[in-house]
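Please look through the sequence and the 3D structure below. The report that follows describes selected parts of the fold, one at a time.

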Amino acid sequence: MASVKEVPVPRQRRAQRKRSKTGCRTCRARHIKCDESPGSVCQNCTSTGRICEGYDMCRLPHKRTVVHLPNTMNHLSWIMNSDEKRCFSYFHHHSISSLISFFDSPLWQRLVRQLSHTEPAVYHAANVLGAVQEDSEESGMRLAGVNLYRPRHRFALEQSARSFALLNERHASHDPLFKEVTLVCCLLFTLSELLLGQYNTALQHLQSGIRILNESEEYTHSFPTIDQSLVEAFMRLDIQSSHFGTRGPLLHMNKDAKKQWPSGNTGDTSPLPRNVQEARQELNRVLSKGIPFLSECWVLSSTEIKLNYNSMRLRQQSLLTSLTHHRQRLESFCKLSYANLSPKEQRGAEILRLHYLAQILSVKTCFFNGPIPGYLTPEYVALLSAHEELMEKFPERSTMTLDNGIIPGLYIVASKCPDYQVRLRAIKALQSWPHCEGLINSNVAASLTLESLKRELLKGKKSELSLIVGNNEEELVRFLFDTLSSTEHAAHWSPIRASRILQERP
């Protein structure tokens with residue numbers, strides 16, 4: 001007797017409900033239908049004695065992905081909706097890992113993680129950064145600007161408003177943690193605005209944070225209630241801001257605060273760095289003098305350099321001596337300890353080496369107001385080759401970090417090297433890794449140096465002009481000028497003034 005083939009019974013499909021875009025936050029968190037009463041609260045909550053968290057301005061597009069939440073998420077004392085869970089998870093699992101891709105940092109691995117779980121204002125600011133970073137990565141880190149037609153931008157705007165409201169509620173309090181909470185929010189807002197290309201707003205947030213630090217130092221002569229890693233993050237951004245001011249550095253920490261950086265000179269007998277972190281702090285101390293000096297030199301005319309040559313020459317030689325000395329200390333540390341470092345620490349030590357090479361070459365050539373002599377080409381080639389070698393060691397390239405990484409050195413080669421083909425190699429290296437390092441965006445650096453190279457070749461009628469004609473050349477130029485035209489003080493940025501592309505624009 002033939003067997004009867006069993007026909008599988010189809011599973012009953014769950015009725016798909018339309019995802020509510022207007023339900024209140026409380027009902028959505030409880031996974032119940034909201035009555036969506038008009039006004040600021042819903043009757044469904046008030047009738048049961050619950051506090052209605054109000055309505056969101058927008059919802060993120062539905063995404064069928066698993067949201068991996070931190071283990072401590074269950075201990076939060078406030079209500080989260082599904083969109084916040086997504087962005088908060090993205091911040092913890094992606095943003096933080098990106099921010100520590102070059103160097104480990106207690107700022108992100110401890111302080112910000114903790115505060116985002118205990119302080120609602122930091123929690124909402126973290127959601128802002130998570131949403132903006134995810135959106136920026138989809139656009140290739142092209143500084144899209146604020147676009148309220150983009151759901152993540154609307155969500156970020158709403159989350160930032162919640163964070164600001166919570167900070168304002170505590171403004172008059174004497175809570176000893178309030179300054180640290182506010183500083184963390186300032187930092188998260190600064191990074192978010194930088195990813196959007198909103199440099200004016202980003203520098204305003206940075207300035208607010210530095211004002212808080214200056215006031216804290218004025219009354220306490222130190223920062224006993226503020227985590228040192230947070231102070232150092234603002235110091236690094238303050239140093240970078242030297243290139244983004246209207247007259248030299250836009251922002252300054254107080255002189256006494258600058259002393260927080262480790263000291264050192266050519267005659268010191270201090271012990272060598274014990275680890276990569278200490279070596280990095282030594283470099284930051286030198287950069288705190290070197291970067292403002294370069295931003296000052298790059299915008300001077302040949303006449304101005306001649307008028308101030310003697311005093312500037314002394315500063316240049318002092319910097320070169322200090323850079324050479326600290327570079328030797330780094331090499332001595334690596335000779336003793338490199339083999340015992342973890343792969344990430346070894347990569348960090350190599351990044352520090354690149355910075356010394358780039359900074360020494362930049363300071364050495366800072367008085368050339370025009371073409372760089374050809375005899376320096378080998379130094380630029382060596383610097384580029386070292387960057388290319390390091391880039392091969394980054395299997396997963398981060399899109400955002402506070403640390404200087406590869407962009408400054410590649411920019412120096414792409415903008416200054418006498419050999420045009422070497423410059424083009426550096427530009428392509430910048431294009432291959434779209435990301436931000438603090439205030440510096442690789443797309444801006446690549447498009448600026450490409451446009452400068454093109455204009456030099458046009459003036460000289462060089463045959464190499466055909467090398468830079470590509471499908472994305474016009475797009476990059478359009479991106480550059482759109483970014484500059486939407487930024488109030490862009491004409492005063494030292495790289496922009498040095499390139500003279502705005503003055504020469506047809």
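## A buried leucine

Leu187 is buried, with a relative accessible area of 1%. The model described here is predicted. Leu187 belongs to helix H7, which covers residues 178-196.

Which residues touch Leu187, apart from its neighbours within four places in sequence? They are Leu107, Trp108, Leu230, Ala233, Phe234, Leu237 and Leu402. Phe234 is 47 residues from Leu187 along the chain, and the C-alpha atoms of the two are separated by 7.8 Å.

## The chain as a whole

The protein chain has 21 helices and three strands. Of its 506 residues, 52% are buried. The chain exposes about 25300 Å², and carbon and sulfur atoms supply 52% of that area.

Contacts can also be sorted by how far apart the partners lie in sequence. Among contacts with a separation of 6 or more, 72% are between residues 24 or more positions apart.

Tyr199 is found in helix H8, residues 199-220. The residue is buried, with a relative accessible area of 3%; the cut-off for buried is under 20%. Not counting residues up to four places away in sequence, Tyr199 touches Leu143, Leu194, Phe244, Leu439, Asn441, Val444, Thr483, Thr487 and Trp493.

Ala490 lies in a loop, between helix H19 (473-485) and helix H20 (494-499). Is Ala490 buried or exposed? Ala490 is buried, with a relative accessible area of 1%. Its contacts, leaving out residues up to four places away in sequence, are with Leu484 and Ile496. Ala490 and Tyr199 are 291 residues apart in sequence, while their C-alpha atoms are 8.7 Å apart in space.

## Helices H5 and H6

Two packed helices are described by the angle between their axes and the distance between the axes. For helix H5 (residues 120-138) and helix H6 (residues 151-169), the axes come within 8 Å and cross at roughly 160°. Angles over 145 degrees count as roughly antiparallel, so H5 is roughly antiparallel to H6. The crossing is left-handed.

On the H5 side, the contact is made by Pro120, Ala121, His124, Ala125, Asn127, Val128, Ala131, Val132, Glu134, Asp135 and Glu138. On the H6 side, the residues are Arg152, His153, Phe155, Ala156, Gln159, Ser160, Arg162, Ser163, Leu166 and Leu167. By class, the contact of H5 with H6 has 10 nonpolar, six polar and five charged residues.

Met141 lies in the loop between H5 and H6. Its phi is near 60°, a positive value in a residue other than glycine. Met141 is buried, with a relative accessible area of 3%.

## H15 and its two partners

Helix H15 (residues 377-391) packs against helix H17 (residues 420-431) at an angle of about 25°, with the axes 11 Å apart. Angles under 35 degrees count as roughly parallel, so H15 is roughly parallel to H17. H15 passes H17 in a left-handed crossing. Val381, Leu384, Ser385, Glu388 and Met391 in H15 meet Val422, Arg425, Ala426 and Ala429 in H17. This contact of H15 with H17 has six nonpolar, one polar and two charged residues.

Another partner is helix H14 (residues 343-364), whose axis comes within 11 Å of that of H15 and crosses at roughly 160°. H14 and H15 are therefore roughly antiparallel to each other. H14 passes H15 in a left-handed crossing. From H14, the contact involves Arg347, Glu350, Ile351, Leu354, Leu357, Ala358, Leu361 and Lys364. From H15, Glu379, Tyr380, Leu383, Ala386, His387 and Leu390 take part. The residues of the contact of H14 with H15 divide into nine nonpolar, one polar and four charged.

## An enclosed helix

How many of the 10 residues of helix H16 (residues 407-416) are buried? The count is eight, so H16 is largely enclosed by the rest of the structure. The buried residues are Ile407, Gly409, Leu410, Tyr411, Ile412, Val413, Ala414 and Ser415.

Methods
Residues are numbered from 1 along each chain as its sequence is written. This is a predicted model: local features need pLDDT of at least 70, side-chain atom pairs count only at pLDDT 80 or more; totals for chains, interfaces and linings use all residues. Side-chain values use heavy atoms; hydrogens and water are left out. Helices (H or I, at least four residues) and strands (E, at least two) are DSSP runs, numbered from the N terminus. Buried means under 20% relative accessible area, exposed over 50%, partly exposed in between (1.4 Å probe, protein chains only). Contact means heavy atoms within 4.5 Å. Accessible areas come from the Shrake-Rupley method with a 1.4 Å probe; for residues, only the protein chains shown count as cover. Axes are lines fitted to C-alpha atoms, for helices over the stretch in contact, and angles run from 0 to 180 degrees between N-to-C directions. Angles under 35 degrees count as roughly parallel, over 145 as roughly antiparallel, 65 to 115 as roughly perpendicular and the rest as oblique. A crossing is left-handed if the near helix is turned anticlockwise from the far one by less than a right angle, and right-handed if clockwise. Ala, Val, Leu, Ile, Met, Phe, Trp, Tyr, Cys and Pro count as nonpolar, Asp, Glu, Lys and Arg as charged, and the others, Gly among them, as polar.
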